[in-house]
Amino acid sequence: DGHVLVKAILWKLFHRDYPTMTIEATVPGEKLYTPDVVASTTFTPTTTKTTTTSSSSSSKNVVFWGESGRMSVKKAMDLCYNYPNAHIVHCRWGMTISEFSREIESALLRPEHDDDNNNNEDDAEMKMM
């Protein structure tokens with residue numbers, strides 16, 4: 001399965017920089033998304049799909065969020081704004097960066113993303129492969 005292979009590639013590429021990296025782990029307080037690959041500074045992601053209590057500091061503690069395969073622009077934008085200190089990586093076969101970056105650029109220009117909470121110097125760095 002290509003999706004599983006891409007998760008392994010993400011792990012191999014980044015595990016030295018993020019030694020707490022885990023594949024398909026639950027992030028405390030995250031209700032919408034499960035990362036394909038994730039690393040944190042203060043919590044140990046769990047690989048069981050359990051309901052967790054919300055943690056207001058969890059978003060500050062996620063340092064790496066990796067997605068393999070298809071990802072919507074909405075999800076990319078949500079991740080950038082919900083995890084401003086995270087290194088966010090999207091790795092996908094058969095797609096050029098220009099295809100996805102045009103959609104991201106358009107989303108960034110929309111008024112709903114132009115508020116005080118989202119215009120700081122600590123905005124997430126989005127790296128696409």
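A residue is called buried here when its relative accessible area is under 20%, exposed when that area is over 50%, and partly exposed in between. With that cut-off in hand, Phe14, whose relative accessible area is 12%, counts as buried. The model discussed in this report is a predicted one, and the values that follow are computed from it.

**Overall fold**

The protein chain has four helices and five strands, and these follow one another along the sequence in the pattern α-β-β-α-β-α-β-α-β. Of the 129 residues in the protein chain, 41% are buried. Among the contacts between residues at least 6 apart in sequence, 57% join residues at least 24 apart. The accessible surface of the protein chain comes to about 7800 Å², and carbon and sulfur atoms account for 51% of it.

**Aromatic pairs**

The structure holds three aromatic pairs, and two of them are set out in the table.

| Ring pair | Distance between centres | Angle between planes |
|---|---|---|
| Phe14 and Phe64 | 5.0 Å | 40° |
| Trp65 and Tyr83 | 4.9 Å | 35° |

Planes under 30 degrees apart would count as stacked and those over 60 as edge-to-face; with its planes at 40°, the pair of Phe14 and Phe64 is therefore tilted. This pair links distant parts of the chain, since Phe14 belongs to helix 1 (residues 2-14) and Phe64 to strand 3 (residues 62-68), 50 residues apart. Phe64 is buried because its relative accessibility is 0%, and Phe14 is buried as well, at 12%. Ring pairs also bring in Tyr18, so that Phe14, Tyr18 and Phe64 form a cluster.

The rings of Trp65 and Tyr83, with their planes at 35°, likewise make a tilted pair. Because Trp65 lies in strand 3 while Tyr83 sits in the loop between helix 3 (73-82) and strand 4 (87-91), this pair ties together parts of the chain that are 18 residues apart in sequence. Both Trp65 and Tyr83 are buried.

In soluble globular proteins, nonpolar side chains tend to be buried together. The largest nonpolar core in this model has 18 residues, of which Val62, Trp65, Leu79 and Tyr83 touch the most other members. Strand 3, helix 3 and helix 4 (97-109) each supply at least two residues of this core, and the largest share, five residues, comes from helix 3. Another core, of 11 residues, lies apart from it and includes Val6, Met21, Val63 and Val89.

Leaving aside residues up to four places away in sequence, Lys7 touches Ile23, Glu24, Asp36, Val37 and Ser68.

One of these contacts, Glu24, is found in the loop between strand 1 (22-23) and strand 2 (37-40). The phi angle of Glu24 is near 45°, a positive value in a residue other than glycine.

A search of the whole structure for disulfides finds zero.

Terms used. Residues numbered from 1 in each chain as written. Predicted model: local features only at pLDDT ≥ 70, side-chain atom pairs only at ≥ 80, totals over all residues. Heavy atoms only, no water. Disulfide = S-S within 2.5 Å. Buried < 20%, exposed > 50% of the residue type's maximum accessible area, 1.4 Å probe, protein only. Contact = heavy atoms within 4.5 Å. Areas by Shrake-Rupley, 256 points an atom, 1.4 Å probe, with all protein chains shown as cover. Phe/Tyr/Trp six-rings, centres within 6.5 Å; stacked < 30°, edge-to-face > 60°. Core = buried A, V, L, I, M, F, W, Y, C linked by side-chain atoms within 4.5 Å.
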